[in-house]
Amino acid sequence: MFQTPLDQAARAMLASDSDEAARLVYYRRLAASEMFLVLEEEPRGETVSPLILTPADGAMVLLFDREDRLADFMGAPAPYLGLSGRKLAQMLKGQGLGLAINLGVDGAEVALPADALDWICDSAPPPVDLTQTRIRQITPPSDLPEVLLQALDERLAGLAGQVETAVLALVEFENASRGHVLALGGVAPEAEHAIADSIAEALGFSGVEAGALDVLFLTTEDPHLAAFRKTGLAFEIATAPQPSAPKAPGSDPERPPILR
């Protein structure tokens, strides 16, 4: 049977209630995955009406990580809103709604109460400082936990078309401070803040403090980027661009959907 990355994380989490690391991995994948929220009716402009279930343990909305799963559970195609799990959590936060995720998927059904949804939003760290400090020396990364590297690898894999180069290294700055830096090349200036926020979020959901590394944006012509490539740990990023056509409603971050 086909398993999505969210299925795999769900099964690992459900196998042990006390496995905090597995729970963090699940929340991270939920936040990063495109999810489909079942609606009562087709969106009207920027206003959406989630379909709300009312079981004994509290009101919940329905989320699926595949459109076919949504249709199978509902018995027919149904109106939905597609957004990242993180954006959906932010939209639903404070509404007192829990999440019923992938109902009907054997071994991967997950029900999260409203306070867990709030935790997903609150645990995402603030954006990384984008200020570029003068660099004195670049050396290979050292003593980094595997969970940090895995979190970066997963998040960067989803940034195809937005990031051309990603290299991690240990950097000494002119003020004598030292720290790990993720150098990103080929990023459009208007996308820098969102990408830095996304990287910080990935670290937060892996259980690693965002301050464990800084993000540095460099042009493809910057000689520092060549030095990072020569010395640091490079991440593989697919070259295929992300779809450019926006999804409506809710695709514009400046105009989030309105719940009704």
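User: How do you know that the span of helix 6 (residues 146-157) agrees with what it should be?
Analyst: The expected span is 1.5 Å times one less than the number of residues, so the twelve residues of helix 6 should span 16 Å, and the end C-alpha atoms are 16 Å apart, which agrees. Helices here are DSSP runs of H or I, at least four residues, and strands are E runs of at least two, numbered from the N terminus. Bear in mind this is a predicted model: local features need pLDDT of at least 70, side-chain atom pairs count only at pLDDT 80 or more, and totals for chains, interfaces and linings use all residues. Residues are numbered from 1 along each chain as its sequence is written, and side-chain values use heavy atoms, with hydrogens and water left out.

User: Why is Asp7 called buried?
Analyst: Buried means under 20% relative accessible area, exposed over 50%, partly exposed in between (1.4 Å probe, protein chains only). Asp7 has 1% relative accessibility, so Asp7 counts as buried. Asp7 lies in helix 1 (residues 5-14).

User: What makes the Asp7 and Arg69 side chains a polar contact?
Analyst: The pair is at 2.5 Å. The cut-off is N or O atoms within 3.5 Å; within protein, one must be able to donate a hydrogen and the other to accept it, and residues adjacent in sequence count only if both atoms are side-chain atoms.

User: What makes strand 9 (residues 165-173) mostly covered?
Analyst: Nine of its nine residues are buried.
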